[in-house]
Amino acid sequence: MTRVQHRTRYLPIIGVGTALMLAAVACTSSGDTADGASDDSEPITVATAFYPLAAAAEAVGGDCVEVVNLTPPGVEPHDLELTPDDVEAIGSADLILYLGSGFQPAVEDSLGDAQGRTVDILTLVDTAPAPPSESEEGLLVDPHVWLDPGLWAEAVQQIPRVMADVAPHASCDFSANARSYGAELSAIDEEFTTALNGCQVEVIVTNHAAFGYLASAYGLTQEAISGLEPDAEPTPARLAELKDLVDANGVTTIFSEDLVSPEVAQTLADEADVDTATLNTLEGLTPEQVDAGEDYASVMRTNLDTLEASLGCS
């Protein structure tokens with residue numbers, strides 16, 4: 001299999017003024033701000049729409065941020081319904097990081113109450129449009145950019161300048177933190193590139209169309225049972241089409257998910273006489289994963305192990 005080349009990988013995007021400000025902060029003592037005043041600022045509050053954004057905000061913000069994840073562990077973020085406390089958290093946060101274009105309507109609908117800075121991460125990277133049928137339902141682009149670790153690294157590099165704007169006297173070096181986290185993401189990207197080169201099977205059949213960016217990045221083709229929304233019901237014709245595709249392409253595995261019922265994926269696997277395995281969409285961690293100390297990196301590497309075994313990669 002020929003490796004599909006990634007887009008140009010991330011470069012820190014920092015304006016001249018921001019760079020000079022960061023340099024000035026770095027040169028002051030820990031007790032002083034860039035203008036010589038005492039730095040007694042409190043951590044800023046960052047409300048994040050779901051787990052990948054919360055993990056990125058914590059990595060970039062360090063001790064200078066308090067992160068609120070609006071999507072609790074085990075909850076499917078597409079279906080998130082905000083509590084009154086969540087709405088209050090959005091209204092009072094200094095910074096809100098979210099994915100727009102219809103991914104989480106409840107979050108977008110509450111942004112009118114926000115007093116702080118709001119940033120739609122999907123506007124900071126290249127995205128793929130949603131199919132017309134899903135655009136009619138309000139989902140404008142494929143939101144699953146975090147499942148391509150190289151693309152997610154690009155998105156993360158946009159966060160420090162926003163944090164620096166919101167907290168200009170913070171003692172943390174947001175830019176350095178972002179570079180460090182971006183390097184971790186790029187390392188995962190390279191692992192995917194190496195491991196998925198030369199697989200016997202190049203088609204992944206997934207429960208819903210969450211892995212389009214990942215498939216495109218690593219020379220695979222995604223065929224999804226349902227669309228970008230995980231709860232869409234496939235037609236009998238679609239299931240029959242997928243069974244024929246499985247037979248024709250030597251597919252050995254149908255991939256289900258942690259946060260969505262595997263029933264339909266299991267039905268297709270039974271019809272096609274193939275196995276099932278779990279690919280984690282990382283839309284949220286389960287309580288068990290949280291207790292076990294799992295994170296973005298560990299879950300993505302588990303996904304890679306699953307893909308290698310299922311696709312016959314050498």
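**Close-up 1. Strand 7 and strand 8 pair side by side in the parallel sense.** In this predicted model, strand 7 (residues 253-256) is joined to strand 8 over four bridges; two strands pair if DSSP finds at least two bridges between them. Look for I254, which stands opposite T276 in strand 8. Residues are numbered from 1 along each chain as its sequence is written. As this is a predicted model, local features need pLDDT of at least 70 and side-chain atom pairs count only at pLDDT 80 or more, while totals for chains, interfaces and linings use all residues; side-chain values use heavy atoms, with hydrogens and water left out. Strands (E, at least two residues) and helices (H or I, at least four) are DSSP runs, numbered from the N terminus.

**Close-up 2. Two loop residues have a positive phi.** Most residues other than glycine have a negative phi. D273, in the loop between helix 11 (263-272) and strand 8, has a phi near 60°. L282, in the loop between strand 8 and helix 12 (287-291), has a phi of about 55°. D273 is exposed at 71% relative accessibility, whereas L282 is buried at 0% (buried means under 20% relative accessible area, exposed over 50%, partly exposed in between, with a 1.4 Å probe and protein chains only).

**Close-up 3. Helix 6 is largely enclosed by the rest of the structure.** Eight of the eight residues of helix 6 (residues 149-156) are buried, among them W152 and E154. Their cover includes helix 2 (51-61), helix 7 (159-166), helix 8, helix 9 (212-217) and helix 13. At the start of helix 6, a side-chain oxygen of D148 comes to within 3.0 Å of the backbone nitrogen of G150.

**Close-up 4. Helix 8 runs roughly parallel to helix 13.** The axes of helix 8 (residues 174-195) and helix 13 (residues 296-311) come within 10 Å and cross at roughly 5°; angles under 35 degrees count as roughly parallel. In contact (heavy atoms within 4.5 Å) are residues including Y181, L185 and F192 of helix 8 and M300, R301 and L304 of helix 13. The contact residues divide into 10 nonpolar, no polar and three charged.

Notes: Axes fitted to C-alpha atoms, helices over the stretch in contact; angles between N-to-C directions. Parallel < 35°, antiparallel > 145°, perpendicular 65-115°, else oblique. Nonpolar A, V, L, I, M, F, W, Y, C, P; charged D, E, K, R; others polar. Polar contact = N/O pair within 3.5 Å; in protein donor to acceptor, adjacent residues only side chain to side chain.
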